[in-house]
Amino acid sequence: MTPRVLLPGLLALAILLALTLGALAVVAARGVEAGAITLPDWRALSFTLRQAFLSAALSVLLAVPLARALARRRFRGRDLLTTLLGAPFLLPVIVAILGVIAVWGRSGWASDALLALGLPRLDIYGMPGVLIAHVFFNLPLAARLILQGFSDLPPERWRVAAQLGAEGWSLFRLVEWPAIRASAPGAFALVFLVCATSFAVALALGGGPRATTLELAIYEAASYEFDLGRAAKLAGLQFAVCALAALLAFAAAAPVAASPGALTLVERWDGRGRGARAMDGAVIALVCLFLGLPMLAVVLRGVGGLDDLGPQVWAATGRSLIVAAVAVAATLALSLALAALIVALQTRGSRTAARLADLAGLLPIAASPFVVGIAFIIVLRPVADPFALALPLTAIVNAAMATPFALRILIPAIRLAHDEHGRLADSLGLRGATRLRVLYWPRVRAPLGFAAGLSGALAIGDLGVIALFSTPNEPTLPLLMHLLAGSRQVEAAHGAALVLIALSFGVFWLFDRLGRGREGA
Amino acid sequence: MRHSLAAAAFAALLPFAAQADDKPTLTVYTYDSFVSEWGPGPKVEEAFEAVCDCDLDLVAAGDGAALLGRVRLEGARSDADVVLGLDANLVAMARETGLFAPHGQDLPESAVPGGWADDTFVPYDWGYFAFVYDTTRTETPPASFEDLLNAPKDVTIVIQDPRTSTPGLGLLLWVKHVYGDEAPSVWERLEPRIVTVTKGWWEAYSAFLEGEATMALSYTTSPAYHVIAEDDDTKRAAAFEEGHYMQIEVAGKLAGSDVPDLADRFLAFIAKEDFQTIIPTTNWMYPAYPAGDLPEAFGDLVEPADSLIFAPEDTPAVRKAALAEWLDVLSR
């Protein structure tokens, strides 16, 4: 193995370890006296587990009929719909929260409709609101994973089933159920993991101490009470929960499911009866309403709010772009260096070492961004003003959080390039920069663009550690939206939401397009 | 080429810190409603800048109690020179942080009932906490905490989080003052009526105005706002027989301020009539120093039978115990 691969890879590894385990150690060292787990800690743990379980269960249960309907129906807009199912992954959380409140809140559309029928208004604060928002985000993700499961079935199986005249229940049992069983546990674990670290949703829709996730409790301990001991203790709990869920998720899931584009269609002969068609139609229509109405509400109110956008929105936009740019650069640097190391270890070195490096790359999934943030504050305060560095620090935390996803995208691409053309390149004596340009660049370019787009969109929409770092008069765009909504400047918040949507999808589109080059143009 | 263009675009978006002139800037962390266009902020800024030859930068940094968390997090490196918006209940905790410094100013005698003498924190207004209701929706409001606890189920309230908001903390201590060891069971009975617990006062009050709850925790002086600013006499404070908990809002200078003299002058300015006359009709509280006659609408407000408050030195312990009880009940 050349030092050119080894050194950057080890450096990236060290940085990730420092940002995750190192940060936890720094914070824990400040709060060793923290001691026993108290009742509120248990409650936060219990709520975290309950809501993550329910969110994952609901998302997957609803995703199965949706994926099934999408797999066997052909209709105009089907491709668009399956593509749009990839969109919530890129949608900033705070935007979705505004949309959910506009539809399901006490003065939302659903409450207005109930009121017109003489029924009381809805009250979603607490568990119901958290679940609605989480299902809004994760139902599409779960549906795509299960749809992938259906697509992965060999086409012959459908043909054989049709020839045998298998319909309805027997078809479900023989063909569909195995596909669901192969994909649903992974989807469940992935959704559980995403929801177990939920912060912004619980902050905005929790409605009080009842609905406190561990992540929210960590933020509260640090920012309300400046109780680093409690923050460290909660972070330890969170780490354990997430490490467990992450192991389950990555053991069971195919995490490329967030990739955009329509999935391949398989010819099917079942589900042509009137009942099946009506049910599929109803499922698709209901899901479209559930996912579409909040988006529609954000857009409609956002257009009305565009007039209310002041200079503060544009300043916040600038800050968010800086965060995204730094985060993309750092994500690519970290994940490329680490992916190259992992592939080199897989192909030339020890498989155990490769697996350990791979595992280290997943660590950020179990880490709390707030703990990383607090560790930065503790370490930097003696030498510099951490709050003056709010934007770069936020970007670095975001980069660490995006790295596991980027690694899942880059490792297979680099591995494939190596496996398919590595020998040829060796025999031609391609080395150094030429090897990079000729062998890897054409094959890694598109996944690289996709990873950059993903990390950029995630960073631009992130409402997390910035809440800790931001000096109050210099928020990023998502934080500004949260502040506007909190001070009931709802119109301005919705206007800013439109800007944020445009930025987040724009950044993704730009990088993805750059990655695909002429082929994508 | 494309990359350098992108770099140039990002550079153009970077905020330039250069000042147009060399006037010193006094940075004051305060709460949202203080800096809003209808709050005291704009008038205070105009009045102080007329005499200080400085820029007064009022920064909304969360509700009162969150301000203390913020400066503790930022520590000695905080940009803030003055924090305005803590209250008497937080003074002892704020002093313990060691982040605040005495103002060294010779201030006139305060008009706060019961008096106020402190070398570090300057009171700028005071008032009584109360639940505010709408006469068009509620004919007979509860006349006591007991009434509220026994009221029909559809009498709902919005309150603030005592960890982030001084009114939220005020209610916590009000209940503790009235009920002592019985406070947890009172919270258990109140809990079903709480529509939501907000981070700040304005979020709760506007939820009440939009009809999301029967009453919001606010001040006996809040109705004066509706009478004077909106010519609307339908908002009233419910007078509670047990008495009303008092709030004294204060400002203090941070020891790490880079313009300590300017910060001291600002604290002295707070006690002057120029500042105090702004308070009643913008912050809708009673002035903490003499400010001439109050507007007529202030004459019709609820006068509490009893004015309740814990001694500042007792509040850290009382707060800690009461907060643990509150969290225990409300996180179930």
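Select H10(A) to begin. Its buried residues are Leu214(A), Glu215(A), Leu216(A), Ala217(A), Ile218(A), Tyr219(A), Glu220(A), Ala221(A), Ala222(A) and Ser223(A). A residue is buried if 20 or more other C-beta atoms lie within 10 Å of its own, exposed if 12 or fewer, and partly exposed in between, with C-beta atoms placed from the backbone. Helices (H or I, at least four residues) and strands (E, at least two) are DSSP runs, numbered from the N terminus.

This is a predicted model, in which local features need pLDDT of at least 70 and side-chain atom pairs count only at pLDDT 80 or more, while totals for chains, interfaces and linings use all residues. Residues are numbered from 1 along each chain as its sequence is written, and chains are lettered from A and ligands numbered from 1 in the order in which they are written.

**Between the chains**

Show both chains and select the residues where they meet. Here 32 residues of chain A are in contact with 34 residues of chain B; two residues are in contact if their C-beta atoms, placed from the backbone, lie within 7 Å. On the chain A side, helix H2 (39-72), helix H10 (214-223) and helix H13 (311-347) each supply at least two residues. H13(A) gives the most, with 5 residues. Coloured by class, this side of chain A shows 13 nonpolar, 10 polar and 9 charged residues. In this scheme Ala, Val, Leu, Ile, Met, Phe, Trp, Tyr, Cys and Pro count as nonpolar, Asp, Glu, Lys and Arg as charged, and the others, Gly among them, as polar.

**Along H2(A)**

Next select H2(A). At 1.5 Å a residue, its 34 residues should span 50 Å, and the end C-alpha atoms are 50 Å apart, which agrees. The expected span is 1.5 Å times one less than the number of residues. Stop at Ala63(A), where the helix bends by about 30 degrees; Pro65(A) follows within four residues. The bend is the angle between axes fitted to the seven residues ending at a residue and the seven starting there.

**The two domains of chain A**

Colour chain A by domain: domain 1 is 1-30 + 309-521 and domain 2 is 35-306. These bounds come from an automatic or database domain assignment. The C-alpha centres of the two domains of chain A lie 24 Å apart. Across the boundary, 38 residues of domain 1 of chain A are in contact with 37 residues of domain 2 of chain A. Among the elements giving two or more residues to the domain 1 side are helix H1 (3-30), helix H16 (390-427) and helix H20 (490-520) of chain A. H20(A) gives the most to that side, with 12 residues. By class, the domain 1 side has 28 nonpolar, 7 polar and 3 charged residues.

**Chain B**

Move to chain B, which has 13 helices and 12 strands. Of its 332 residues, 50% count as buried. Its domain 1 is 22-126 + 248-297 and its domain 2 is 127-246 + 304-330. The centres of these domains of chain B, taken over C-alpha atoms, are 25 Å apart. Their contact takes 24 residues from domain 1 of chain B and 28 residues from domain 2 of chain B. Finish on H5(B), which gives the most to the domain 1 side, with 5 residues.
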